[in-house]
Amino acid sequence: MSAVPDPSTEAPTIAIRIGRVRPTLTRSHQQMADYVLAHPLQAATMPIDELAAAVGVSIATANRFARAIGLDGYPMLRAELVRGFEAMLAPIEKMRIKLEKPSSIGDVFAAALEESQRNIAATREALDPAACEAAVQAIVGARRIYLAGFGASGWLAGLLQRGLDAHCDGVHLLAGVAGASYGARLLPRMGEEDLFIAISYPRYLTDTVVLAQGAFERGVRVLALTDGLQSPLVPFAHGCLFAQTENQYAANSESSALAMIEALTSAVAHQAKESVKTAARMTEAVLPWLHDSSRTRLAPRSADTAARKPAAKGSGRA
């Protein structure tokens with residue numbers, strides 16, 4: 001068994017360092033201390049010149065402040081501030097590194113597409129066939145399906161609803177104008193015959209985790225679409241489908257998460273009864289909304305109507 005860490009041997013936090021020496025700090029250093037304590041997240045993401053400008057002191061003063069509280073310099077101050085914010089700041093740090101490297105717009109396009117390919121390839125490589133089978137059977141066998149995803153995952157939840165609607169009855173999207181409280185109001189209606197699908201990737205939103213926990217504790221089967229075993233959804237999920245979502249310019253790359261959702265809905269279509277008949281009925285229903293079909297709702301345009309088309313802006317006509 002590993003020994004329990006002794007708190008007295010751990011490195012002191014910035015707040016403790018400042019508290020120890022505050023009476024001896026100069027006025028400008030006290031201004032620095034007040035700003036760092038009031039805005040630790042902002043200070044952790046700022047270069048030294050931006051922090052100095054925000055406080056109204058010189059760059060040299062910012063460096064001396066770091067040494068005054070027992071650190072080697074500003075880089076060490078930032079490193080200490082980052083402690084505890086690692087997961088939150090990781091996307092910002094990755095973006096900072098990428099922006100410091102000169103690249104053309106075309107290079108950024110190519111790099112982003114290559115990163116999406118790597119994410120999808122890694123997701124496919126780590127695919128668990130048993131987990132996929134269990135997820136599809138849970139969806140096909142559910143009486144009602146509740147989809148929880150907020151923030152960026154709200155769009156993913158909407159796409160999953162669109163994919164499942166064709167083959168499942170009673171698919172409910174919890175991300176709406178009422179926010180997470182709508183899902184909370186529906187929790188008492190959920191039972192063992194239902195399925196709760198929670199979607200969340202770094203940086204995870206608490207609302208999704210809390211609703212998943214509520215469903216789990218009510219005995220509702222929970223399926224998590226997330227990024228890995230470290231996800232806070234995992235303890236409250238009966239099954240998980242993982243997608244790698246690395247991104248150099250944002251918190252996540254949605255392409256691999258979307259690919260997983262498309263794979264899931266494809267497998268549901270393959271497994272669902274009468275999926276071909278269902279698809280045919282849906283196509284028939286939307287036919288009037290499809291362009292270039294024989295049943296289009298667009299009225300034919302006559303030559304006279306085309307001739308009366310207003311001139312485009314910038315055409316030179318008065």
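Is the crossing of H8 and H13 right-handed or left-handed? The crossing of H8 and H13 is right-handed; a crossing is left-handed if the near helix is turned anticlockwise from the far one by less than a right angle, and right-handed if clockwise.

## Basis of the report

This is a predicted model, in which local features need pLDDT of at least 70 and side-chain atom pairs count only at pLDDT 80 or more, while totals for chains, interfaces and linings use all residues. Residues are numbered from 1 along each chain as its sequence is written, and side-chain values use heavy atoms, with hydrogens and water left out.

## The chain as a whole

The protein chain contains 15 helices and 5 strands. Helices (H or I, at least four residues) and strands (E, at least two) are DSSP runs, numbered from the N terminus. Of the 318 residues in the protein chain, 36% are buried. Buried means under 20% relative accessible area, exposed over 50%, and partly exposed in between (1.4 Å probe, protein chains only).

Among contacts in the protein chain between residues at least 6 apart in sequence, 65% join residues at least 24 apart. Contact means heavy atoms within 4.5 Å.

## Helix H13 and helix H8

Helix H8 (residues 105-125) packs against helix H13 (residues 254-271) at an angle of about 40°, and their axes are 8 Å apart. Axes are lines fitted to C-alpha atoms, for helices over the stretch in contact, and angles run from 0 to 180 degrees between N-to-C directions. H8 and H13 are therefore oblique to each other. Angles under 35 degrees count as roughly parallel, over 145 as roughly antiparallel, 65 to 115 as roughly perpendicular and the rest as oblique.

From H8, the residues Ser116, Asn119, Ile120 and Thr123 meet Ser255, Ser256, Ala259 and Met260 in H13. This contact of H8 with H13 has 3 nonpolar, 5 polar and no charged residues. Here Ala, Val, Leu, Ile, Met, Phe, Trp, Tyr, Cys and Pro count as nonpolar, Asp, Glu, Lys and Arg as charged, and the others, Gly among them, as polar.

## Helix H13 and helix H10

The axes of H10 and H13 come within 9 Å and cross at roughly 20°, and the two helices are therefore roughly parallel to each other. The crossing of H10 with H13 is right-handed. On the H10 side, the contact is made by Ala152, Leu156, Leu159, Leu160, Gly163 and Leu164; on the H13 side, by Glu254, Ala257, Leu258, Ile261, Leu264, Thr265 and Val268. By class, this contact of H10 with H13 has 10 nonpolar, 2 polar and 1 charged residues.

The buried residues of H13 are Ser256, Ala257, Met260, Ile261, Leu264, Thr265 and Val268. Their cover includes H8, helix H9 (129-141), helix H10 (152-165), strand E4 (221-226) and strand E5 (239-242).

## Two individual residues

Asp165 lies in helix H10 and is partly exposed, with a relative accessible area of 38%. Although Asp165 and Thr265 are 100 residues apart along the chain, their C-alpha atoms are separated by 9.7 Å.

Tyr201 lies in the loop between strand E3 (195-199) and helix H12 (206-217). At 6% relative accessibility, Tyr201 counts as buried. Not counting residues up to four places away in sequence, Tyr201 touches Ser153, Leu156, Leu225, Thr226, Asp227, Ala243, Thr245, Asn252 and Ala257.
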